[in-house]
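Trainee: I would like to learn how to read pockets and salt bridges in a model. Could you take me through an example?

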Amino acid sequence: MSSGRDRVKLSEDEVQALLGENLKVQVAANGRDGFPHLTTLFYVVRDGRIAFWTYGRSQKILNLDRDPRVTALVEDGTDYFELRGVSIEGRAEIVRDPATILEIGSAVATRMVGADSFESLGEIGMQAVQKQATKRVGVIIHPERVASWDHRKMT
């Protein structure tokens, strides 16, 4: 007999589908004072991993440089019996390679606005992303432990 926890757990395909359907991830890094520093970011999935870009001098990057442990949460649903989510504990890889930062940023910007391709952002949009890339770093989360749930499976 399976536990209630096992019944609501997502399969790997369901995890990837949930990540593909949502736009925002909550990311917790360890602050210098020991308290979690929590932020919400737009993200993409690259090679099955959550990736995002952010300002290179942001507090989250200062925290991740000091301690790469990170927790990421993607969730949706409003009613209790609709709640779904994926919580990922892992290590943050900070990407400082300009070409990779631009790849991640282009994918995030394209996804944020629901565009079909980076080029469909238009010349002004593409230039804005390219300019932002000079101030940003990429982050790729390498999972070590994944927890998931789908309360729709309870009914």
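**Salt bridges and the pocket**

Mentor: Let us begin with R152, which has a relative accessible area of 42% and is therefore partly exposed, where buried means under 20% relative accessible area, exposed over 50%, and partly exposed in between, with a 1.4 Å probe and protein chains only. The model is predicted, so local features need pLDDT of at least 70 and side-chain atom pairs count only at pLDDT 80 or more, while totals for chains, interfaces and linings use all residues. Residues are numbered from 1 along each chain as its sequence is written, and side-chain values use heavy atoms, with hydrogens and water left out.

Trainee: Which side chain meets R152 in a salt bridge?

Mentor: A salt bridge is a side-chain nitrogen of Lys or Arg within 4 Å of a carboxyl oxygen of Asp or Glu. Here the partner of R152 is D150, at 2.8 Å from N to O, and D150 is buried because its relative accessibility is 3%. Elsewhere, salt bridges that share partners join E21, D76 and R84 into one network.

Trainee: Are D76 and R84 buried or exposed?

Mentor: D76, at 19% relative accessibility, counts as buried, and R84 is buried with 9%; their closest N and O atoms are 2.8 Å apart.

Trainee: How many salt bridges does a search of the whole structure find?

Mentor: The search finds nine. One of them pairs R96 with D65, the closest N and O atoms being 3.0 Å apart. R96 lies in the loop between β6 (84–95) and α4 (98–112) and D65 in helix α3 (residues 59–66), so the pair ties together parts that are 31 residues apart in sequence. Helices (H or I, at least four residues) and strands (E, at least two) are DSSP runs numbered from the N terminus. R96 is partly exposed at 48%, and D65 is partly exposed at 44%.

Trainee: What is the volume of the largest pocket?

Mentor: Rolling a probe the size of a water molecule over the atoms shows where empty space is left. On a 1 Å grid over the protein atoms alone, with a 1.4 Å probe, a pocket is an open set of points with protein on both sides within 12 Å along at least five of seven lines, and lining residues have an atom within 4 Å of a point. The largest pocket has a volume of about 160 Å³, a volume being the space filled by probe spheres set on the points.

Trainee: Which residues lie nearest its centre?

Mentor: Of the 15 lining residues, E12, V15, Q16, I88 and V146 lie nearest the centre of the largest pocket. β7 gives the most to this lining, with five residues.
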